[in-house]
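Dear colleague,

I am passing on the structure we spoke about, and my notes on it follow below. Please read them with the sequence and the coordinates open beside you.

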Amino acid sequence: MSGSCGRIPPPFPDNEDQEAESDTRVLDSDEDDDDEGEDIFTGARSNPITPTSAPDECDIFSEEGSYIRSDVHHATNGLHPDEEELDLFTEATVELTLTNTTSQGRREIIGPTASACNTTQVPNSILKPSIVTKTTEELEEEESGDQFELNIAVTNPEKIGDGMNAYMSYKVSTQTTLPMFLNKTFSVRRRFSDFLGLYEKISAKHSLLGCIIPPPPQKSVVGMTKVKVGKEDSSSAEFVEKRRAALERLTNSSDAVNKMTIKMNESDNWFESKLQEVENEEQLLRRLHAAVDSLVNHRKELCSNTAVFSKSVAMLGSVEENSALSRALSQLAEVEDKMEQLHQQQAFSDFFILAELLADYIRLLGAVRCCFEQRMKVWQRLQEAQSTLQKKREAEAKLLWANKPEKLQQAKDDINEWESKVSQCERDFERVTCTVRKELLRFEKEKARDFKQHIVKYLESLLHTQHRLVKCWEAFLPEAKAIA
Amino acid sequence: SFFPPKLFKRQTLCDMIPLVHSVSVDLNNDASLVIDIPDALCERDKVKFTVHTKTTLSSFQKPEYSVQRQHEDFIWLHDTIVETEEYAGLIIPPAPPKPDFEGPREKMHKLGEGESSMTKEEYAKMKQELEAEYLAVFKKTVQVHEVFLQRLSSHPMFRKDRNFQIFLEYDQDLTVRRKNAKEMFGGFFKNMVKSADEVLISGVKEVDEFFEQEKNFLLDYSSKIKDATAKAEKMTRSHKNVADDYNHISGALNNIAADNNTAFKKHLEKCAEVFEKLRKVEDRMASDQELKLTELLRYYTRDIQAAKDLLYRRARALADYENSNKALDKARLKGKDVAQAEENQKQCLQKFDKLSESGKKELTSFKARRVVAFRKNLIEMTELEIKHAKNSVSLLQGSIEVLKSN
């Protein structure tokens with residue numbers, strides 16, 4: 001059965017030479033199934049299948065990675081017709097063929113080896129390493145003439161939570177050399193509904209522009225329910241795996257999809273690292289502020305000690321029997337008096353130019369942190385809305401199954417309501433994210449400029465003090481020389 | 001210990017201040033006996049001074065000596081001189097104070113405690129500060145021990161002192177000799193000197209105008225100069241604290257710069273550099289003021305005390321003379337032991353006259369010495385402060401320009 005299928009599973013590294021002949025990577029979806037209708041993937045996996053995609057096949061699949069209905073071409077691929085009905089994922093996968101006219105070899109993703117860090121119920125044998133992708137590169141090349149890598153892997157399905165609230169979370173790892181991203185590799189966790197959301201977003205944005213968007217894997221409530229309930233049989237494990245693989249293919253499927261996915265990953269990382277930066281900076285600024293505070297206090301002490309010393313020298317001068325020395329000492333007392341005034345003015349500058357500046361910054365950084373927290377809150381609201389939506393959908397499915405049509409309408413209404421709520425939350429979140437980002441960049445620029453100005457002003461105050469000091473001492477020198 | 005035994009060479013000590021001694025002038029002018037302390041070794045709590053002598057005097061066995069002496073040896077020498085009757089009419093150069101490493105030691109302790117919580121740069125900076133403080137204490141203590149010896153060598157009477165010669169010549173450890181001497185002398189005069197003020201104030205009526213004036217002047221001056229010394233010390237301490245703060249600000253700015261990845265980083269580093277340089281200048285301002293002014297005041301506080309001691313001894317001699325007069329009268333009245341009483345009276349008068357004569361000379365030259373020393377120090381201090389302030393000015397001007405242009 002499997003032998004006729006033109007789609008093959010992602011290659012194991014040692015199978016490389018086998019696949020090397022073909023430039024085309026045809027992504028596998030599934031084969032026949034001998035289980036219940038919901039089971040999409042079967043044990044056909046266990047047999048590595050050689051690609052039957054011949055060069056001529058590639059012609060059919062154009063460079064843009066077009067969406068092609070499987071039924072049109074399956075015949076040539078040798079697919080059995082009866083498989084189609086059961087293969088709900090076919091549509092999602094066939095068209096994800098890649099262009100072939102490149103001289104580039106395939107790129108293996110050096111992603112986290114799924115088998116190595118598998119923490120789920122999915123047996124190791126089923127998990128496969130990531131898929132090779134090429135479409136993006138070719139497309140990018142054609143568009144920009146640059147060569148950049150963009151590899152995404154979806155791995156590590158993990159069940160989060162329990163019972164009917166549980167969901168599967170997948171690790172999305174990205175490796176890229178695209179310049180628009182700060183980091184070369186990063187990863188986040190996403191759940192299925194996130195992918196759905198991504199799909200909807202891309203659809204909204206790109207379909208208008210005439211781009212072709214590969215639809216995501218369909219939600220399979222029942223399949224999911226089985227997983228949630230914790231039924232640990234091979235079918236639910238396979239379900240998860242099929243879904244995982246499908247999601248991976250989806251994210252690798254097109255430029256737009258890739259960019260969007262990565263942007264979401266990257267955005268998170270950007271915010272995470274920014275928050276860390278802000279917190280570090282706040283700490284360091286506090287230390288600087290403490291040092292400046294200490295300076296202010298010591299300067300004030302110096303000021304009062306100088307005043308006291310001045311008086312003491314004056315007393316000494318008054319007792320001194322040598323008249324010239326006596327005069328010199330009282331002049332010295334005056335010099336010290338002037339210095340006391342200078343110290344006082346300098347302490348003033350220390351405080352108002354430097355200390356207050358730093359105190360302000362620390363307060364501002366606190367406000368920045370609040371912004372981050374706000375964004376977090378909006379995110380949480382979005383999560384909650386999505387979760388509620390999911391519940392409503394499940395409720396609908398249950399009603400369908402239980403065959404209670406009278407309550408169905410209500411359920412459908414609920415779903416609609418929550419879908420729009422989710423949309424709203426997503427929009428809010430995007431807006432908040434965008435605003436915080438802009439604000440942060442603006443703040444950084446202004447802060448740098450402000451700091452510069454103040455430091456220069458402070459140094460100018462020090463300069464002024466030192467000038468006056470020179471004058472004081474120069475006035476005293478002849479008095480000292482006059483001692484005889 | 002944190003610091004291994006450190007050898008401080010004269011060059012290191014005096015590279016910043018002129019070699020000529022500030023507190024007392026015109027010492028070491030006589031080539032027949034030239035003394036200096038070229039280096040000192042600091043081992044834990046003990047300081048070992050290298051005393052270097054060059055002489056043409058025949059009383060010395062060799063033309064040149066180099067011996068190791070501890071602070072206690074100097075004290076021994078001072079005490080033997082104080083207790084020598086012959087020198088009663090002279091102002092005895094004040095003993096050098098004990099080397100005080102309390103400040104740096106405290107800092108060292110703090111450094112050791114805070115080591116784990118500091119960054120490498122902060123630690124290095126604090127260590128730098130600590131070394132600077134050690135150096136400052138060293139400078140002061142070497143200077144003050146050296147001046148003591150030079151006061152002795154430049155005085156016509158003291159330079160001939162037998163113990164002084166032993167101190168300069170004897171190539172072994174003086175510790176044993178010291179202990180024996182203490183047993184011999186018993187410290188008679190020394191104890192009496194402690195209550196000098198009371199006797200002078202409450203005591204004998206002064207016949208000589210000169211000494212009456214001197215007494216009043218010295219008493220008044222002594223309390224004022226003590227006060228000025230204490231206030232100068234506080235002022236210098238605050239000044240050093242300000243310099244330390246510049247250091248910490250510099251460190252904190254460097255930390256922020258290290259964390260920063262924008263073009264602003266360079267700016268921050270430049271600021272840190274400015275504060276580092278300011279700190280150096282401020283530190284020099286403070287320590288030069290200390291060496292020239294505070295040390296001057298400190299020294300003369302001690303010297304004034306030495307002058308007061310002389311007055312006291314003379315006052316005692318006068319009291320003895322007056323008592324001997326009374327005793328003579330009594331003896332004449334009783335008709336007994338008159339010759340003895342006469343002899344006693346004669347001796348007392350002699351002693352008193354001798355003390356008065358040499359005392360007058362000493363006090364007069366002390367006046368001159370004091371005025372000259374103040375003049376020299378005040379000029380040197382002022383010139384140094386002007387120099388440092390001008391350095392500050394050019395440093396700040398340069399930095400402001402650089403920061404503005406960026």
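**Between the two chains**

In this model, which is predicted, a salt bridge links E460(A) to K404(B), with 2.9 Å separating the closest N and O atoms. Between chain A and chain B the count comes to five salt bridges, and 16 residue pairs, both residues being at pLDDT 80 or more, are in polar contact across the two chains. On the side of chain A that touches chain B, the elements that give two or more residues are α10 (255–319), α11 (323–402) and α12 (405–481) of chain A. Of these, α10(A) gives the most, with 21 residues. Sorted by type, the residues on that side of chain A are 32 nonpolar, nine polar and ten charged.

As for the extent of the contact, 51 residues of chain A and 61 residues of chain B take part in it. The size of an interface is often given as the accessible area lost when the parts come together. For chain A and chain B that buried area is about 5200 Å², and 75% of it is on carbon and sulfur atoms.

**One arginine in α10(A)**

R299(A) counts as buried because its relative accessibility is 4%, where the cut-off is under 20%. Its side chain makes a polar contact, at 2.8 Å, with the side chain of D350(A). Once neighbours within four places in sequence are left aside, R299(A) is in contact with H343(A), Q346(A), A347(A), D350(A), Y458(A) and L462(A) in chain A, and with V242(B) and Y246(B) in chain B.

**Chain A as a whole**

The secondary structure of chain A consists of twelve helices and three strands, and 52% of its 484 residues count as buried. If one takes the contacts in chain A between residues at least 6 apart in sequence, 73% of them join residues that are at least 24 apart.

**A hairpin in chain B**

In chain B, strand β2 (residues 33–43) and strand β3 (residues 46–55) run antiparallel and are joined by nine bridges. One of the residue pairings is that of L41(B), whose bridge partner in β3(B) is K48(B). The hairpin that β2(B) and β3(B) make has two residues between the strands, and R44(B) takes a positive phi there, near 50 degrees.

With best regards

Key
Residues numbered from 1 in each chain as written. Chains lettered and ligands numbered in written order. Predicted model: local features only at pLDDT ≥ 70, side-chain atom pairs only at ≥ 80, totals over all residues. Heavy atoms only, no water. Pairing = 2+ DSSP bridges. Helix = DSSP H or I, 4+ residues; strand = E, 2+ residues; numbered from the N terminus. Contact = heavy atoms within 4.5 Å. Buried area = accessible area lost by both parts, 1.4 Å probe. Salt bridge = Lys/Arg side-chain N within 4 Å of Asp/Glu carboxyl O. Polar contact = N/O pair within 3.5 Å; in protein donor to acceptor, adjacent residues only side chain to side chain. Nonpolar A, V, L, I, M, F, W, Y, C, P; charged D, E, K, R; others polar. Buried < 20%, exposed > 50% of the residue type's maximum accessible area, 1.4 Å probe, protein only.
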